[in-house]
Amino acid sequence: MLKRFEKASVVLATVLVLGGGSWVATTRPAAAQVLFEERGSLAPMQNEYTFAGKAGDTVTISMTSTDFDTFLVLQSPSGQEIASNDDYARSLNSTIVITLPSNGTYKVLARSFSGQGGNYLVTVRPATPYDQAYSRATEVYRTGDMNAALTAFNEAIRLDSSRPEAYLDRADVHYVQGNLNGTRADYQRAIALYEQQGNSDMAQMLREQLTYLDEVPPQ
C-alpha cells in the first residue's frame, strides 16, 4: 500500500461587500510548516525465493505450516504473476502445480493469508504424475463438468490410492451426480486412510458427516 503524505492545498474564500452587492475572492494562505514528509511503500509481509526453471517443465510448489494459513504466488522471469494458491487438497496449506512457460529465474512469494506469522516449509520439486492428475481434476471440477471431473479423480486415485483428499473430492462429484452410495464408499475409504496416517481428528469429523449422509435415503 502506498501512503502519501502531501501538503494540503487549502483555498480560503473571502466575501467582500461593495455597494450593496457581493463577490467572492479566493486567497491562498502561507504554506504551513511541515514537520515530516516522506514517500514510501509497504508490501504484504512475505519472503521471496527463486529457482531456475525450463520451459515445459512441470513443477509442484508447496508451502506448508501448522502455525498459520499459507498463501503462495509464483512470478515469471519477467516479474508477471502467473499462478497463486491459498488452500489446497482439503487443507490450509498451499500448492501450485504448473508447467513453466519459459526458461529463466522464477520467484516464489511465500505469504501468510491473514498476516499471522509462524514457521513454514516451502518446497519446489518436479511434479509427480499424481500431482498433475489431481491438479487437473480439481481444475475440471471447478468448471462444473462433473463427468470429466469424475474421470480425472479416478485417474488420480489410480496413480496413488493412499491420498484421502482425492477420495473426498470424488465423493463430492458422486454427491452432485446423486450417487450417494459412491459418496459413502469414498468417505469410508478417506476415513480409513486418515486413521492410518494418525489424523484421528479428521477421521472423526468425517464420521460425523457420514452419519448425516446416512440419514439421506439411498437413490
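Me: F68: buried or exposed?
Reply: F68 counts as buried, at 7% relative accessibility. Buried means under 20% relative accessible area, exposed means over 50%, and partly exposed lies in between, with a 1.4 Å probe and protein chains only. This is a predicted model, where local features need pLDDT of at least 70, side-chain atom pairs count only at pLDDT 80 or more, and totals for chains, interfaces and linings use all residues. Residues are numbered from 1 along each chain as its sequence is written, and side-chain values use heavy atoms, leaving out hydrogens and water.

Me: How many aromatic pairs does the structure hold?
Reply: There are 6. Rings of Phe, Tyr and Trp (its six-membered ring) pair if their centres lie within 6.5 Å; planes under 30 degrees apart are stacked, over 60 edge-to-face, and the rest tilted.

Me: Why is the pair of F68 and Y120 edge-to-face?
Reply: The planes stand at 80°, so the pair gets that label. The ring centres are 6.2 Å apart.

Me: Where do F68 and Y120 sit in the chain?
Reply: In distant parts, 52 residues apart. F68 is in the loop between strand 6 (58-64) and strand 7 (70-75). Y120 is in the loop between strand 10 (104-112) and strand 11 (121-126). Helices (H or I, at least four residues) and strands (E, at least two) are DSSP runs, numbered from the N terminus.

Me: And what is the relative accessible area of Y120?
Reply: For Y120 it is 27%, so Y120 is partly exposed.

Me: What kind of pair do Y130 and Y134 form?
Reply: A stacked one, with 15° between the planes and 5.8 Å from centre to centre. Both residues lie in helix 1 (residues 129-143), 4 residues apart, about one turn of the helix.

Me: Why do residues four places apart in an α-helix point the same way?
Reply: An α-helix has 3.6 residues a turn, so residues three or four places apart point the same way.

Me: New topic. What does helix 1 lie across?
Reply: Helix 1 lies across strand 6, strand 9 and strand 11. Helix 1 runs at about 100° to strand 9. Axes are lines fitted to C-alpha atoms, for helices over the stretch in contact, and angles run from 0 to 180 degrees between N-to-C directions. Contact means heavy atoms within 4.5 Å.

Me: What is the order of the open sheet of 3 strands?
Reply: The order is 9-6-11, with antiparallel pairing. Two strands pair if DSSP finds at least two bridges between them.

Me: Which strands stand at the edges?
Reply: Strand 9 and strand 11 do. Each has a single partner strand, so one side of each is left without a neighbour in the sheet.

Me: How many bridges join strand 6 to strand 9?
Reply: There are 6. M63 stands opposite S94 in strand 9.

Me: Now P101. Where is the place of P101?
Reply: P101 sits in the loop between strand 9 (94-99) and strand 10. P101 counts as exposed, at 52%.

Me: What does P101 touch?
Reply: A55, I82 and Y106, not counting residues up to four places away in sequence.

Me: Last one: what do the buried residues of helix 4 pack against?
Reply: Helix 3 (164-176) and helix 5 (200-214). Among the buried residues of helix 4 are Y187 and Y194.
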